[in-house]
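Entries follow in the order I checked them.

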Amino acid sequence: MNFQNISDEDGKILVKMARTIVTEYLTNNSKIVNNDFKEKFGFKAGVFVSINDKSGLRGCIGFPLAVKKLSDALTDAAISASTEDPRFPSITQNELNSLVFEVTVLSDTEEISASTPDEIIQQIKIGRDGLIIEKDFQSGLLLPQVPVEYNWNVEDFLNHTCHKAGLSNDSWKDKTTKI
């Protein structure tokens, strides 16, 4: 199996496993070892685990690049999203039943090369593409579902990703910015 072969059923397995990983970690301070899971998802892929409560985001951490096996990356991302996201206090056992877990598996990154801002806009598809914007020593990442959730167009998506990187919103138009 690889990234292209992930089915909706596999997605359900990944989400359930993320919840199970966090539950085990918060309950017993240990990591689950599931050899079937490790074998099935033993290919390298980028992954993010997002955790939401009724008020919104509660934690989101991941690996944008395929640097680890998906099974290992999911474990590390799930635990980190629940305990190490600097924007939020650690999740507690008492919260678990009210949380919604989301897993985003990412393909390899592809740099956009274009001569004009319009060419950049034409290459990005809302709902399919996530964005990483890098300039100098700053970078920001937004997952593919973010512009869908906020009903953004491509330009809004680019502006918000620049903002997340700590750049001016229109930095994506600068030829020295990597997208």
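**Cavity, then helix packing**

I started with a lining: the residues around the largest cavity divide into 4 nonpolar, 3 polar and 3 charged. I kept in mind that this is a predicted model.

Next I wanted the names. The lining of the largest cavity consists of R58, A81, S82, T83, E84, D85, F88, P89, S90 and I91. I also asked which element gives the most to that lining. The answer is α3, with 3 residues.

How much space lies in the largest cavity? I got about 30 Å³. Counting cavities of 30 Å³ or more, I came to 1.

For α1 (residues 8-28) and α3 (residues 70-83), the axes come within 9 Å and cross at roughly 55°. An angle like that makes α1 and α3 oblique to each other. I noted the hand of the α1 and α3 crossing as right-handed.

From α1 I have L14, M17, A18, I21, V22, Y25 and L26. On the α3 side there are L70, L74, T75, A78, I79, S82 and T83. Sorted by class, the contact of α1 with α3 has 11 nonpolar and 3 polar residues, and no charged ones.

Notes: Residues are numbered from 1 along each chain as its sequence is written. This is a predicted model: local features need pLDDT of at least 70, side-chain atom pairs count only at pLDDT 80 or more; totals for chains, interfaces and linings use all residues. Side-chain values use heavy atoms; hydrogens and water are left out. Axes are lines fitted to C-alpha atoms, for helices over the stretch in contact, and angles run from 0 to 180 degrees between N-to-C directions. Helices (H or I, at least four residues) and strands (E, at least two) are DSSP runs, numbered from the N terminus. Angles under 35 degrees count as roughly parallel, over 145 as roughly antiparallel, 65 to 115 as roughly perpendicular and the rest as oblique. A crossing is left-handed if the near helix is turned anticlockwise from the far one by less than a right angle, and right-handed if clockwise. Contact means heavy atoms within 4.5 Å. Ala, Val, Leu, Ile, Met, Phe, Trp, Tyr, Cys and Pro count as nonpolar, Asp, Glu, Lys and Arg as charged, and the others, Gly among them, as polar. On a 1 Å grid over the protein atoms alone, a cavity is a set of points where a 1.4 Å probe fits but cannot get out, and a pocket is an open set with protein on both sides within 12 Å along at least five of seven lines; lining residues have an atom within 4 Å of a point. Grid points are joined across faces, edges and corners, and a volume is the space filled by probe spheres set on the points.
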